[in-house]
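Please read the following report on the disulfide and the aromatic contacts alongside the sequence and the structure.

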Amino acid sequence: TGGDYWYTDLFYLDYLYDDTGGDYWYNKTGWSWTDRKPPCERFGITCDDFDNIIEIRLRNNNLTGVRAFNSLHLLELKILDLAENKLSGYVIPGATLLLRSLVHIDISDNE
């Protein structure tokens, strides 16, 4: 059924794609508007048995933009790996509170 947050998760994933230059990602399988798949079928996304997004791993995938991390409000997300991209900006204080299940984040080696 996509979990309780499926439509909300879809919104934030689409926002992440648009806000980080998704058309220029090295691997955008399932993300682009011409190849759009449900969240759990997209490159770099791992879901639990209830289709809740629990991992986003887009390391070294040519993400660009400012503060992409701050736009994610994925309540069941446990791992966020956006390292080795071209993201810039800062993390808004308190942004991790919107990621209540987060146990690991790697945003190293960005701009």
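The link of Cys40 and Cys47 is left-handed, with -95 degrees about the S-S bond, and the sulfur atoms of this disulfide are 2.1 Å apart, a disulfide being a pair of cysteine sulfur atoms within 2.5 Å. A search of the whole structure finds 1 disulfide. Cys40 counts as partly exposed at 27% relative accessibility, whereas Cys47 counts as buried at 19%; buried means under 20% relative accessible area, exposed over 50% and partly exposed in between, with a 1.4 Å probe and protein chains only.

This is a predicted model, in which local features need pLDDT of at least 70 and side-chain atom pairs count only at pLDDT 80 or more, while totals for chains, interfaces and linings use all residues. Residues are numbered from 1 along each chain as its sequence is written, and side-chain values use heavy atoms, with hydrogens and water left out.

Rings of Phe, Tyr and Trp (its six-membered ring) pair if their centres lie within 6.5 Å, and planes under 30 degrees apart count as stacked, over 60 as edge-to-face and the rest as tilted.

| Pair | Centre to centre | Angle between planes | Class |
|---|---|---|---|
| Phe11 and Tyr12 | 5.1 Å | 75 degrees | edge-to-face |
| Tyr17 and Trp31 | 6.3 Å | 20 degrees | stacked |

Phe11 counts as exposed at 52% relative accessibility, whereas Tyr12 is buried, with 17%. Arg42 lies over the face of Trp31, at 5.2 Å from the ring centre, where the criterion is NZ of Lys or CZ of Arg within 6 Å of the ring centre and within 35 degrees of the ring normal.
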